[in-house]
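Dear colleague,

Please find below the structure that I am handing over to you, followed by an account of what was found in it. Please note that the model is predicted.

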Amino acid sequence: MLCWVTPAGLEKFFIEVGTMATQQSVLPPPLSPPDVEKILAAAPNYGLKIIPPAASTI
């Protein structure tokens, strides 16, 4: 997938909230409540508005 984002800087969001992959996998790691909190806290710094998943899916 190729995704262009302007202005530049969104990659810093992924660096801030993401974790380095330790192994190649088809599935993403599970999303925990602290992960969601971290994403929601960082999003406004990058001009993002994220609607959190329902509590039952975390």
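The two helices α1 and α2 are roughly antiparallel to each other, because their packing angle is about 150 degrees and angles over 145 degrees count as such. Helix α1 covers residues 10-17, and its axis lies 10 Å apart from that of α2. The crossing of α1 with α2 is right-handed. On the α1 side, Phe13, Glu16 and Val17 make the contact, and they meet Lys38, Ile39 and Ala42 of α2. By class, four of these contact residues are nonpolar and two are charged, with no polar residue.

I turn next to the pockets. The largest pocket holds about 240 Å³ of space. Its lining consists of Val17, Gly18, Thr19, Pro29, Pro30, Leu31, Asp35, Lys38 and Ile39. Helix α2, residues 33-42, supplies the largest share of that lining, namely three residues. Five of the lining residues are nonpolar, two are polar and two are charged. Val17, Lys38 and Ile39 line this pocket and also belong to the contact between α1 and α2.

The second largest pocket contains about 180 Å³ of space. Thr19, Met20, Ala21, Thr22, Gln23, Ser25, Leu27, Pro28 and Pro29 line the second largest pocket. This lining has five nonpolar and four polar residues, and no charged ones.

With kind regards

Technical notes
Residues numbered from 1 in each chain as written. Predicted model: local features only at pLDDT ≥ 70, side-chain atom pairs only at ≥ 80, totals over all residues. Heavy atoms only, no water. 1 Å grid on protein atoms, 1.4 Å probe; cavity = no way out; pocket = protein on both sides within 12 Å on 5 of 7 lines; lining within 4 Å. Points joined across faces, edges and corners; volume = space filled by probe spheres on them. Helix = DSSP H or I, 4+ residues; strand = E, 2+ residues; numbered from the N terminus. Nonpolar A, V, L, I, M, F, W, Y, C, P; charged D, E, K, R; others polar. Axes fitted to C-alpha atoms, helices over the stretch in contact; angles between N-to-C directions. Parallel < 35°, antiparallel > 145°, perpendicular 65-115°, else oblique. Left-handed = near helix turned anticlockwise from the far one by under 90°. Contact = heavy atoms within 4.5 Å.
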